[in-house]
Every structure is written in structure tokens, then in C-alpha cells.
Amino acid sequence: VNKRFGIAPLTADFNQDGRPDLVHVNILGPQKVFLSQAKDNQNFLKVQLANTVSSIGSKVTVTLGNGETIHQTFVVGEGLCSDQSHMLIFGLGQQSASEITVKNINGKINSRSGDFRNQTLAL
């Protein structure tokens with residue numbers, strides 16, 4: 001709970017454990033940092049999109065080894081001291097990813113197949 005009028009929360013994997021962390025910039029007090037508590041044996045995948053306008057609105061689909069899919073769309077915002085990373089973090093549980101597909105709003109598709117877990121892929 002942050003009762004100090006937090007503005008511009010920033011999320012990123014600050015402690016490099018594969019889970020998103022949160023920093024609150026506060027008006028009425030010190031900044032607050034909430035670091036995730038990683039669980040052992042839980043896999044992740046970070047997908048780093050190009051730092052260009054064409055990444056905005058991109059839909060990233062991750063296909064797990066068991067055939068299930070998870071999705072995220074890269075959106076941007078604007079605000080006081082805020083920023084959006086071009087890094088999307090996917091929790092994989094005990095699975096690995098077998099395919100990653102990025103579809104840009106202009107229709108361009110970039111995909112990669114393999115056995116991915118606990119790593120960063122630049123697409």
C-alpha cells in the first residue's frame with residue numbers, strides 16, 4: 001500500500017530476477033520500491049522490442065511447450081517522470097516457450113522458434 005500520493009509508477013526488472021518490480025515516485029514522502037520475490041523453479045521470458053515507433057501497438061504471442069499461448073500488447077503512456085520499457089516480461093511457470101511471434105500494427109511479423117526460458121530475446 002502506498003499512501004503518499006504516488007505518481008508515475010515505473011515497472012521493470014530492477015533486480016534482474018525475471019519478474020517485474022515497481023518504483024513509486026511520491027509527492028508526499030520518500031520514493032517506494034517494491035521488489036518482486038522470485039519463486040524457485042518458475043521460468044520467465046523477456047522480449048525486447050525495437051526502440052522505435054513501429055513497436056507501439058505490437059502484439060507479442062508466446063507459445064508454451066504444452067501448446068498454450070500467452071499474449072501482451074506493447075502500449076505506451078505519457079506522464080510526469082514516467083517511461084515505458086520496450087521489454088515485455090512473460091511468466092512461464094514451469095514451462096518453456098517454443099515460439100515467440102511479434103506482430104506490428106503495420107502487419108510486419110517477426111517470429112522465432114526454439115526452447116526459450118530465463119532469458120531475454122531481442123525481436
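**Notebook: contacts, sheets and salt bridges**

I looked up Leu45 to begin with: leaving aside neighbours within four places in sequence, Leu45 is in contact with Val62, Leu88, Ile89, Phe90, Leu92, Ala97, Ile100, Phe116, Gln119 and Leu121. I take contact to mean heavy atoms within 4.5 Å.

**Basis of the entries**

The model is predicted, so I note that local features need pLDDT of at least 70 and side-chain atom pairs count only at pLDDT 80 or more, while totals for chains, interfaces and linings use all residues. I number residues from 1 along each chain as its sequence is written, and side-chain values use heavy atoms, with hydrogens and water left out.

**Overall account**

I find zero helices and ten strands in the protein. Helices (H or I, at least four residues) and strands (E, at least two) are DSSP runs numbered from the N terminus. Of the 123 residues, 30% are buried. The terms are set as follows: buried is under 20% relative accessible area, exposed is over 50%, and partly exposed lies in between (1.4 Å probe, protein chains only). The accessible surface comes to about 7600 Å², and 52% of this surface belongs to carbon and sulfur atoms. Accessible areas come from the Shrake-Rupley method with a 1.4 Å probe; for residues, only the protein chains shown count as cover. I also looked up sequence separation: among contacts with a separation of 6 or more, 49% are between residues 24 or more positions apart.

**Nonpolar core**

I looked up the largest nonpolar core next. This core has 16 residues, and those with the most contacts inside it are Leu45, Val47, Val60, Val62 and Ile100. The elements giving two or more residues to this core are β4 (43-48), β5 (59-64), β7 (87-93) and β8 (97-103). By definition, such a core is a set of buried Ala, Val, Leu, Ile, Met, Phe, Trp, Tyr and Cys residues joined through side-chain atoms within 4.5 Å.

**Four-stranded sheet**

Which order do the strands of the open four-stranded sheet take? I read the order as β6-β5-β8-β9, with antiparallel pairing. The edge strands, each pairing on one side only, are β6 (69-73) and β9 (109-116). Neighbouring strands here are turned by 15° against each other on average, direction ignored. For such angles, axes are lines fitted to C-alpha atoms (for helices over the stretch in contact), and values run from 0 to 180 degrees between N-to-C directions. Two strands pair if DSSP finds at least two bridges between them. Strands of a sheet pair through backbone hydrogen bonds, in either the parallel or the antiparallel sense.

I then went through the pairs:

- β5 and β6 are antiparallel over five bridges, and Val62 stands opposite Ile70 in β6. The two strands form a hairpin with four residues between them, and Gly67 in the turn has a positive phi of about 95°.
- β5 and β8 are antiparallel over six bridges. Val60 has Val102 in β8 as its bridge partner, and Thr63 stands opposite Glu99.
- β8 and β9 run antiparallel and are joined by six bridges; Ile100 stands opposite Arg112 in β9. Their hairpin has five residues between the strands, and Gly107 takes a positive phi near 95° there.

**Three-stranded sheet**

I looked up a further open sheet, of three strands in the order β7-β4-β10 with mixed pairing. Its edge strands are β7 and β10 (119-122), each of which pairs on one side only. β4 and β10 pair in the parallel sense over four bridges. Leu45 has Gln119 in β10 as its bridge partner, and Gln119 is also among the contacts of Leu45 listed above.

**Salt bridges**

How many salt bridges does the rule give? I count two, the rule being a side-chain nitrogen of Lys or Arg within 4 Å of a carboxyl oxygen of Asp or Glu.

Lys46 forms a salt bridge with Asp13, with the closest N and O atoms 2.7 Å apart. Lys46 lies in strand β4 and Asp13 in the loop between β1 (6-12) and β2 (21-26), so the pair ties together parts that are 33 residues apart in sequence. Are the two partners buried or exposed? Lys46 is buried, with a relative accessible area of 6%; Asp13 is likewise buried, at 6%.

The side chains of Asp115 and Arg117 also meet in a salt bridge, at 3.3 Å from N to O. Arg117 counts as partly exposed, at 38% relative accessibility.
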